[in-house]
Number of protein chains: 2
Amino acid sequence: MERVFNFSAGPSTMPESVLKTAAAEMLNYKGTGMSVMEMSHRSKVFIEIADNTKALLKEIMNIPDNYKVLFLQGGAWTQFGMVPLNLMTNSKKADFMDTGNWAAEAIKEAGRFGTVNIAASSKDSNYDHIPQLDPKKFDPNADYFHITSNNTIYGTRMTDNWPDTGNVPVVCDMSSNILSEVYDVSKFGLIYAGAQKNMGPSGVTVVIIRDDLLTRTPDNLPTMMKYTIHAEKDSMHNTPPTYALYLAGLVYQWIKDLGGVSAMQKINEEKAKIIYDAIDNSSMFKGTVAKKDRSLMNITFVTGDKDLDEKFAKEAEKQGMPNLKGYRTVGGMRASVYNAMPIEGAKALADFMKKFEMENK
Amino acid sequence: MERVFNFSAGPSTMPESVLKTAAAEMLNYKGTGMSVMEMSHRSKVFIEIADNTKALLKEIMNIPDNYKVLFLQGGAWTQFGMVPLNLMTNSKKADFMDTGNWAAEAIKEAGRFGTVNIAASSKDSNYDHIPQLDPKKFDPNADYFHITSNNTIYGTRMTDNWPDTGNVPVVCDMSSNILSEVYDVSKFGLIYAGAQKNMGPSGVTVVIIRDDLLTRTPDNLPTMMKYTIHAEKDSMHNTPPTYALYLAGLVYQWIKDLGGVSAMQKINEEKAKIIYDAIDNSSMFKGTVAKKDRSLMNITFVTGDKDLDEKFAKEAEKQGMPNLKGYRTVGGMRASVYNAMPIEGAKALADFMKKFEMENK
């Protein structure tokens, strides 16, 4: 059985040891005589799995006690709606950084329920950098300030340029780089992330929300759209996606066993450096974004020749490195190297880039 | 490795062959070098899985071409909101049959967005039968008529007593008995069902909606709550729960290989008869619902003695038959014998009931 180095942007590669555990436990979880996916979500053994999953996430992210951790369904797209519906309820205004495709979708969805203010944008340069912030463009009455910590499509990430918003809570879409580097949760009002990049399979969404923000939910929302309900019921108002939760727990344990998020970050920096060095030392490949804003998770690069780009992705796939084709709005290549991508994958890609350049001069 | 007969009401037992396939394909799906859960939902191989899953469901349910089949997230609870938000938009009124706990929750949620008319209810007798219908109590201007085909908690199901609603579309929560017996889809306007009883793991919800009902969705709904968006995008507006979809496809194939839903129904009738006969031939156990309305999926019975009920469930668990304890509002026992419960499980339970009665006279 041969595994590939899968550079998919999401859903994406999982730790091999997690998949092996899942396969081994598929028919009989720890002597219960059943699969985790066959368990009642109210059963003692599943409640233990769910509690352990939450405890592990709190531990590895160092989440303070005044935050609730929710495991919901519907992905980041559902959060694009839930965030404004639950939080944009006082001034009915919110600030946004427009740093990529998903930020733009979040803005559009919020704009249907209130007034959005684009505090900064890099749209005019095809989102090739994180824009500078000018606090004069912040609305001091905004109900929240929305950012995207990593931009999956364009390959940028927030580094030194975080908004200082005073009392306005920062809401962060962390879908594509949660758990990839150390973040201070206490600086955020709300963090959300779909699981399918760094936390497991698609179908479960993590929401980390500061307690005081749970007072804003209006009564007239559909029940399932209310953070308050999910917080009161500890994510068990309805049947949660039990198997996805179990897998997320296995991934959290894997990160913990590696030494936690800070150790993960070092590995990610090492992996990214291998590929960025290959780009910077090449005369064929060019990065597509500002160096200081480079993502550790999604590495975008081009040759400048569409046919050559296509040839690269095709030949890489034949070498066991699929899913390197870039998103259509950027073109070229995108190597998604989430937590679960082993360092050998980054090395194999860098080696292949050198070989390809030699052979296609 | 020993598997139990798991009588859980949901999430619930899966076909063993499906779990074996899932385990075998966990690290490498058909030579792709990756797990299904690691695939981009836009990849050719995953699109094939998703298309095949949908085609199989259309085939085994014989779904007419003027229906859209959607695979969504959020379970039946999300549908309790989506149905009224999308369909209760003309007269803003809807008719309901109040036949159990989940029907009552659906009514409560719909009542937050319009006017609900309880056309029939068996609440006064603790939902121990399906109530008679009186067409004079139907509202001819209702936007839809909502029913629940099987009541998981109480152990009743619709049999001969279907509402004749004329032009008012029937919406059916089929969560706990979809694919367990043959239904004529053309008699329904919309069918919804969480997967975690008869279709796979929790985390995916099937919605089958007649095309003409897709014209009612108001513009101001959150994007993810709109049937229209999911129909337009063929359930790929956002990342679907890919692994749950794959498992649902395996379950559909398993039903097809058994001979389809009509063959499944025969097996279910046989399984249910074994247990109902054990109840009816006993002087210790009594069924809790009207015989003509008995569920094929959830079989509820009591001894009349709470301590004895508890002893029964505990001893059955020791014999490899867990999760027989009844829901608190009914008490006693509930044996959930969904499609994937083998006939040997029904026999083992019936045998144990006889043995228990002998030993506890």
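Which residue of chain A forms a salt bridge with B:Arg3? The partner is A:Glu38, and the closest N and O atoms of the pair are 2.7 Å apart; a salt bridge here is a side-chain nitrogen of Lys or Arg within 4 Å of a carboxyl oxygen of Asp or Glu. This is a predicted model, in which local features need pLDDT of at least 70 and side-chain atom pairs count only at pLDDT 80 or more, while totals for chains, interfaces and linings use all residues. Residues are numbered from 1 along each chain as its sequence is written, chains are lettered from A in the order in which they are written, and side-chain values use heavy atoms, with hydrogens and water left out.

**Interface of chain A and chain B**

- About 4500 Å² is buried between the two chains, 60% of it from carbon and sulfur atoms (accessible area, 1.4 Å probe, lost on being put together and summed over both parts).
- On the side of chain A, A:Leu27, A:Met37 and A:Glu38 lose the most area to chain B, together 15% of what that side buries.
- Chain A contributes 60 residues to the contact and chain B 59 residues (heavy atoms within 4.5 Å).
- The rule finds 2 salt bridges across the interface.

**Chain A**

- Of its 361 residues, 65% count as buried (under 20% relative accessible area, 1.4 Å probe, protein chains only).
- Residues 24 or more positions apart account for 69% of the contacts with a separation of 6 or more.
- The C-alpha trace of chain A spans about 65 × 60 × 30 Å along its principal axes.

Definitions and conventions. Buried means under 20% relative accessible area, exposed over 50%, partly exposed in between (1.4 Å probe, protein chains only).
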